[in-house]
Amino acid sequence: MRGRWAVRMLLTAALPLAGVAFADAQPAPAGPPGGRPTEPGSRERVLELAHQVVASAAIDTLPKQLKSFYKEHRLEIPSLALEPEFPSRGPDRRFLVDRLLPFPFRELPRSEAAIRTKYGEKAEGIGRLPWLIQESYARLVEAMKAGDKDAILTESDRLAGLVVDMHSPLNLTENYDGQQTGQHGLWVRLVEKLPQAMSKDLKASPDAANYLDTPKEYVFSMMLGTYVWLDNTLYLEELARRGKAGYGDPYFEDLARRVGPILRERLGRAAEDAGSYWYTAWTVAGRPDLK
């Protein structure tokens, strides 16, 4: 595993990607103040953009041989295709770890079975995000070994989307919508609407991909690095609300000023981690010559 445990957080970002058509990537219509968009499916369109920007940026983190493969088939990656496709986002794609025990989660079991045994009903409905990442990585290794181009591209994309989820602190807490701190509607404001407000100011500048010695355990490293940003996120959002009548442009301008630097940093980290999982899967598979 990498020597540094960098702090990691990703609040979903919307960025245009060169060479990718965004026919559906229109801003969601306004709903109730601080609430969810009213148009069916509009939330998915916003989330897709984060998946796309991370998947695209992850390609640039790879070593030359592997990068050439992904670049050559870039538009065959489901989220980067001209008519993009995305896996559904259900409650399994989160992990409400602070329901089980407090940070830094030292006694957290590393398997779902052990968590169910230890916490019983308390663990019901907390989500499966760490294990979804582990399962996707294992499928990617097998696809690499088989040289199955379509499976490699599809699974790499799926894995990138799951890494995006793991980099949002709101996916790791029972207070994911601010319901415990009087910040109702927090999820949609931070994950959906803030990226739209920041738009072109968001950049993904990842470091090079790294080989992960223990990819299963690295899931929990990402979890820890993401969760440490939860209190900061709640506090910064509360500051942005002070003295404002609602959630209009002044609120989002203030929120972008406070959270924007973190957002840009986290975008790069998420892309770096996605690329690291791809690179590790390829290495474990024997570094096949992909076509």
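Which residues have the most contacts inside the largest nonpolar core, and how many residues does that core have?

Modeller: Keep in mind that this is a predicted model. The largest nonpolar core has 82 residues, and those with the most contacts inside it are Tyr70, Phe95, Leu108, Met223 and Tyr277. Helix H9, residues 249-284, gives the most to this core: 16 residues.

Let's zoom in on Leu108. Setting aside neighbours within four places in sequence, Leu108 is in contact with Phe95, Val97, Leu100, Leu101, Ile115, Phe220 and Met223.

Now for Tyr70. The structure holds twelve aromatic pairs, and one of them is Tyr70 with Trp278, stacked at 4.6 Å centre to centre with 10° between the planes. Tyr70 lies in helix H2 (residues 64-72) and Trp278 in helix H9, so this pair ties together parts that are 208 residues apart in sequence. Both Tyr70 and Trp278 are buried, and together with Phe69 they form one aromatic cluster.

Stay on helix H9 for a moment. Tyr279 and Trp282 form a tilted aromatic pair, 6.3 Å centre to centre and 35° between the planes. These two are three residues apart in the helix, so about one helical turn separates them. Tyr279 and Trp282 are both buried as well.

Note on methods. Residues are numbered from 1 along each chain as its sequence is written. This is a predicted model: local features need pLDDT of at least 70, side-chain atom pairs count only at pLDDT 80 or more; totals for chains, interfaces and linings use all residues. Side-chain values use heavy atoms; hydrogens and water are left out. A nonpolar core is a set of buried Ala, Val, Leu, Ile, Met, Phe, Trp, Tyr and Cys residues joined through side-chain atoms within 4.5 Å. Buried means under 20% relative accessible area, exposed over 50%, partly exposed in between (1.4 Å probe, protein chains only). Helices (H or I, at least four residues) and strands (E, at least two) are DSSP runs, numbered from the N terminus. Contact means heavy atoms within 4.5 Å. Rings of Phe, Tyr and Trp (its six-membered ring) pair if their centres lie within 6.5 Å; planes under 30 degrees apart count as stacked, over 60 as edge-to-face and the rest as tilted.
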